[in-house]
Structure formats: structure tokens, C-alpha cells
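Q: I want to learn to read the features of a protein model. Can we take them one at a time?

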Amino acid sequence: MKKAITILLILTTFATGALCVLSKMTRDTKAPVISVPTEKITYEEGSDKALLLAGVTATDDRDGDVTANVRIYDIAVMEDGRSAQIIYAAYDSSYNLGKRFRTVGYKPSRKNVDMTDEMYDIISEEIDDDNKSTTEVTTEATTEAASTEEEITTFPYIKLAGDGIVLKVGDNFDPMIAIEDVKDDVDDRNTLFNRIDLEGDYDMSQPGTYELTYSVRDSDGNRSNEVKFVLVVNE
């Protein structure tokens with residue numbers, strides 16, 4: 001009788017362990033991937049945000065198209081006052097949150113600026129010209145980055161959601177929001193996320209421009225490419 005109970009306990013333990021492993025293997029931990037148009041646009045403060053969402057899509061490896069879940073997480077005006085960084089967010093059915101950065105032209109609201117109509121029109125034209133001149137460069141840079149990613153197949157690879165972010169003194173900054181994806185030919189995404197290295201110091205209580213460097217190491221000690229990220233803290 002005791003032997004039968006012992007065998008039953010062993011089988012129960014094995015079964016529980018197998019269920020735990022199976023649950024971990026099937027758990028959805030991958031966030032949706034957000035895609036934004038390469039076309040440069042200009043957003044005017046207080047205007048309809050539908051312009052910022054036009055053409056933005058999101059896909060998930062399990063849920064498929066989750067574009068309906070895309071939201072504008074934040075709009076941060078850059079120091080030059082003529083551009084803004086848009087942070088998009090999208091979630092899947094498992095509540096994994098994906099983010100993507102996009103830089104657009106920016107016009108302050110007419111109610112918040114003291115200038116003549118002529119001055120405002122001149123600034124608007126300059127912003128539009130900047131957008132046109134950078135469209136080709138942005139497209140080439142995107143193509144080059146995509147081809148570089150395709151070439152890396154045997155070592156860990158890290159990709160950021162953007163080049164930087166603008167925050168205010170006292171804001172919370174989670175370094176992990178800058179990461180769009182990490183890849184390796186052996187290690188899974190969760191393993192790599194626990195092996196991300198961040199170089200560079202920053203202080204959210206002090207205004208300044210802080211340059212951070214991200215990389216990742218796989219379980220064999222191989223180090224990935226290094227990518228730069230600029231954190232701007234304004235008063």
C-alpha cells in the first residue's frame with residue numbers, strides 16, 4: 001500500500017512538472033510589432049490625432065492584426081520646437097505591450113504662440129520643406145537597417161524602437177521601453193531580455209542630454225551589435 005502511494009506521488013509530481021513546463025512553453029510573452037509609414041507628416045498642436053494614426057498598423061504572432069489596439073502613448077515636443085516624437089503603443093490578448101517611436105514635424109497651436117500670420121506661415125513652410133528633404137534619407141536609412149538585420153543570423157541582435165526620447169525632470173524612464181526586439185539563433189526572447197546591457201548614466205532629476213548604449217549577450221557569451229539611444233531631460 002505504501003509503495004502504491006509512493007508511486008502515485010511520484011507520478012503526480014512528474015505530471016505537475018510537465019504541466020508547468022508546458023504552460024511556460026505555450027505562454028504568450030511576445031509583444032505586438034507596430035509599423036509606421038515612412039512618409040513625413042506635420043502635427044499641429046491640438047489638431048485631430050487621426051493624422052498620427054493614419055497608416056499605422058500592428059501585428060501579433062498569435063492574434064494576427066491588432067491594429068485596432070494601437071494607441072498614442074505620448075507626444076513629446078523636441079527642443080527645436082519644430083518636431084515631436086510620437087510614442088505608439090499596442091497590446092495583444094495576453095496584454096503584452098509593444099511600443100514604437102516616430103518623429104514628425106510639429107507646429108504649436110496658434111493660441112499658444114505670439115507671432116504674425118506671416119511669421120507663422122514662414123515657419124510652417126520651413127517645417128514642410130524639412131519633411132520633404134528628409135523623406136528620402138529616412139527611407140534609405142530604413143532600408144539599410146532592414147538589410148543589416150537580415151544579414152545577422154547567428155549572433156544576438158538588438159533593435160530599438162527609435163533613436164531617443166524627450167522627457168521632463170521628474171518623469172519616470174524605463175530603459176526597456178526603448179527596445180523593440182532582440183533576436184538570437186538559439187536563445188529565446190525572454191532569455192535575451194534578461195541579458196541586456198546598458199551603458200551610460202542618466203539622472204531624471206537633472207536636465208540634460210544623456211547618450212545610452214544598448215547591447216545584449218546570449219547564453220554562450222556572444223555580444224550583439226551596439227545601438228545608441230538619446231535621452232533628453234527638459235525642465
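Q: In which strand does Asp197 lie?
A: Strands (E, at least two residues) and helices (H or I, at least four) are DSSP runs, numbered from the N terminus. Asp197 lies in strand E11. The model is predicted: local features need pLDDT of at least 70, side-chain atom pairs count only at pLDDT 80 or more, and totals for chains, interfaces and linings use all residues. Residues are numbered from 1 along each chain as its sequence is written, and side-chain values use heavy atoms, with hydrogens and water left out.

Q: Which residues does Asp197 touch, not counting those up to four places away in sequence?
A: Contact means heavy atoms within 4.5 Å. Asp197 touches Thr213, Tyr214, Ser215, Arg217 and Arg223, with residues up to four places away in sequence not counted.

Q: What joins Arg217 and Asp197?
A: Side chains of opposite charge can pair when their charged atoms come close. The rule for a salt bridge is a side-chain nitrogen of Lys or Arg within 4 Å of a carboxyl oxygen of Asp or Glu. Arg217 and Asp197 form one, with the closest N and O atoms 2.9 Å apart. This pair links distant parts of the chain: Arg217 sits in the loop between E12 and E13, Asp197 in strand E11 (residues 196–199), 20 residues apart.

Q: Is Arg217 buried, partly exposed or exposed?
A: Buried means under 20% relative accessible area, exposed over 50%, partly exposed in between (1.4 Å probe, protein chains only). Arg217 has 26%, so the residue counts as partly exposed.

Q: How many salt bridges does the rule give?
A: The count comes to six. One of them joins the side chains of Arg100 and Glu180 (3.6 Å, N to O). That pair also links distant parts of the chain, from Arg100 in strand E7 to Glu180 in strand E10, 80 residues apart. Glu180 is buried, at 14% relative accessible area. Arg189 forms a salt bridge with Asp181, the closest N and O atoms being 3.2 Å apart. Asp181 is buried, with a relative accessible area of 14%.

Q: Which residues touch the most other members of the largest nonpolar core?
A: A nonpolar core is a set of buried Ala, Val, Leu, Ile, Met, Phe, Trp, Tyr and Cys residues joined through side-chain atoms within 4.5 Å. The largest has 23 residues, and Ile158, Ile165, Phe173, Ile179, Tyr214, Phe229 and Leu231 touch the most other members. At least two residues of this core come from each of strands E8 (157–160), E9 (164–168), E10 (179–183), E12 (208–216) and E13 (227–234). Another core lies apart from it, with 15 residues, among them Val56, Ala58, Val66 and Ile86.

Q: Where is Asp60, and is this residue buried or exposed?
A: Asp60 is found in strand E3 (residues 57–60). At 6% relative accessibility, Asp60 counts as buried. Its contacts beyond four places in sequence are Asp28, Lys30, Ala31, Pro32, Val66 and Asp92. Asp60 and Asn96 are 36 residues apart in sequence and 9.7 Å apart in space, C-alpha to C-alpha.

Q: Where is Leu97, and how accessible is this residue?
A: Leu97 is in strand E7 (residues 97–107). The residue is partly exposed, with a relative accessible area of 48%.
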